[in-house]
Amino acid sequence: MLLVGFSATISAGAIALVAYLLWPTWGAGPASAPSRMPVSVGATLFNVPTAAIRRKIQRHSGPQERVDLSFVFPSLEPPDAPKHVTADTIEEKVQPIDRIFLSISAHHDTLAPDARVRTIYPRYLDQASTPVDDGLTMRSFRDGSPYANEDLFSAGTPVLNARCTRDGLTPGMCLSERRVEGADLTFRFPRSWLSEWRDVANAMNRLTARMQGLKD
């Protein structure tokens with residue numbers, strides 16, 4: 001009987017030890033999204049930061065017709081998650097825009113942005129150009145044209161072509177486009193940033209490289 005009892009004790013201890021070693025130690029929790037995800041737009045692969053995607057429905061990998069992103073300027077990091085706002089906590093003062101907005105969309109063989117600058121815009125621009133800053137010039141679109149109340153800013157080093165609305169009841173905004181294989185990248189930023197146009201142009205170049213998975 002002593003031998004049987006001793007054997008049972010040893011067996012129970014062994015079973016307890018195995019159960020302790022094999023028992024799961026992790027806790028259940030929601031799976032976190034990857035920091036970046038591969039997205040195909042216009043059959044062109046882009047590596048986009050998940051946190052920078054503005055629309056929840058676009059937060060998935062694979063083919064998409066369009067992806068909308070935003071980045072804090074000048075850090076070019078994805079913005080923090082929006083805070084919950086109530087009628088008691090909302091601020092009456094308009095907050096300054098501190099982000100570059102980027103839309104990546106399939107172009108479906110439409111006219112390339114650089115070709116539009118060379119062949120379409122000149123038809124509606126005033127002949128005179130105005131120097132704005134070191135290397136940056138401005139030409140106004142004529143009244144009555146499809147781009148009335150807008151100006152075209154251009155520079156060579158670094159390359160910049162931006163069509164900007166003029167300041168009015170709302171601050172002017174600029175649009176700058178470029179083509180990457182089967183997709184067009186459209187950047188939007190405040191017109192006031194043109195006082196630092198080289199930094200803005202370099203930021204768009206860096207974001208373009210990052211979207212393609214290249215080092216900036």
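Biologist: Which residue of strand 2 stands opposite Val39?

Modeller: This is a predicted model, in which local features need pLDDT of at least 70, side-chain atom pairs count only at pLDDT 80 or more, and totals for chains, interfaces and linings use all residues. Residues are numbered from 1 along each chain as its sequence is written, and side-chain values use heavy atoms, with hydrogens and water left out. Strand 2 covers residues 44-49 (strands are DSSP runs of E, at least two residues, numbered from the N terminus). Opposite Val39 in this strand is Phe46.

Biologist: How many bridges join strand 1 to strand 2?

Modeller: Strand 1 spans residues 36-41, and strand 2 runs antiparallel to it. Strands pair if DSSP finds at least two bridges between them. For strands 1 and 2, the number of bridges is 6.

Biologist: Which residue in the turn has a positive phi?

Modeller: Strands 1 and 2 form a hairpin, with 2 residues between them. The phi in question is about 60 degrees, and its residue is Gly42.

Biologist: In strand 3, what is the bridge partner of Val39?

Modeller: Strand 3 consists of residues 62-64. Strand 1 pairs with strand 3 in the parallel sense, over 3 bridges. Val39 has as its partner there Gly62.

Biologist: Which residues make up the covered face of strand 1?

Modeller: In a regular strand the side chains alternate between the two faces of the sheet. On the uncovered face of strand 1 are Arg36, Pro38 and Ser40. The covered face holds Met37, Val39 and Val41.

Terms used
Buried < 20%, exposed > 50% of the residue type's maximum accessible area, 1.4 Å probe, protein only. Helix = DSSP H or I, 4+ residues; strand = E, 2+ residues; numbered from the N terminus.
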